[in-house]
Structures are given as structure tokens and as C-alpha cells.
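Colleague: Hi! Could you walk me through this model when you have a minute?

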Amino acid sequence: MNAIPEPTRDLLAAVLEALGIPHPATFGDSERHGEILTERASHAVIALKGVLDHGDDPGWSADYLRARLVEHPPTGYRHSGASSAEDGAQ
């Protein structure tokens, strides 16, 4: 098995953070979930394109992406598996 260099692994982990948000609990929560996921996916694409198309440092791109994710937290909808105290609804 080939080891993935740490900066690349960090970028992949950040992309997973961006896209791996909890699923909505109900159909009614789907719209907000979709809005958040779209924003987070857009920033992940920017980070990946920076590395692939412009040679940006993967570690820097991971930091960029995580900074954008803070701006778009997976909150404001109820998600599956969450208790009412954890559910992110606001």
C-alpha cells in the first residue's frame, strides 16, 4: 500500500469534512441541507482545482477549505441520528 503524503491526506480529510455532513432527518430538512452542502462542495472544488490546475500547496488548500467550512457549518436543520439537543436546528 502506498502512503499518501501528509499534505495530500490533509486535503482529502478536509474534502471529506466538507461533503460528509449529516443527512437530513426529514424531507422538510432537505432544502437547508442541500443549501449547506452546495456551498461546502463549491469551496471543496475551488480547493481541489487550486491544487490540480494551479499547483497550490495541498496543505494550504486544506487550511483554506477548513476556513470556508467554518463559514458554512452544518446547522439549521435536523439531521438523522441526532438527539433533540444535538440536532443543529436553529
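Modeller: Happy to; we can go from the overall fold to the helices.

Modeller: Keep in mind that this is a predicted model.

Colleague: How do α1 and α2 cross?

Modeller: Their axes come within 8 Å, at an angle of roughly 160 degrees. Angles over 145 count as roughly antiparallel, so that is how α1 and α2 are described. The crossing of α1 past α2 is left-handed.

Colleague: Which residues make that contact?

Modeller: From α1 it's L11, V15, E17, A18 and L19. On the α2 side you have L37, R40, A41, A44, A47, L48 and V51.

Colleague: Switching to α3, which of its residues are buried?

Modeller: Those are P58, G59, S61, A62, Y64, L65 and L69. Their cover includes α1 (6-19) and α2 (30-54).

Colleague: What caps the N-terminal end of α3?

Modeller: D57 does, with a side-chain oxygen 3.1 Å from the backbone nitrogen of G59.

Colleague: Last one: what span should α3 have, and how far apart are its end C-alpha atoms?

Modeller: Helix α3 has 14 residues (58-71), so at 1.5 Å a residue it should span 20 Å. Its end C-alpha atoms are 20 Å apart, in agreement with that.

Note on methods. Residues numbered from 1 in each chain as written. Predicted model: local features only at pLDDT ≥ 70, side-chain atom pairs only at ≥ 80, totals over all residues. Heavy atoms only, no water. Helix = DSSP H or I, 4+ residues; strand = E, 2+ residues; numbered from the N terminus. Expected span 1.5 Å × (residues − 1). Buried < 20%, exposed > 50% of the residue type's maximum accessible area, 1.4 Å probe, protein only. Contact = heavy atoms within 4.5 Å. Polar contact = N/O pair within 3.5 Å; in protein donor to acceptor, adjacent residues only side chain to side chain. Axes fitted to C-alpha atoms, helices over the stretch in contact; angles between N-to-C directions. Parallel < 35°, antiparallel > 145°, perpendicular 65-115°, else oblique. Left-handed = near helix turned anticlockwise from the far one by under 90°.
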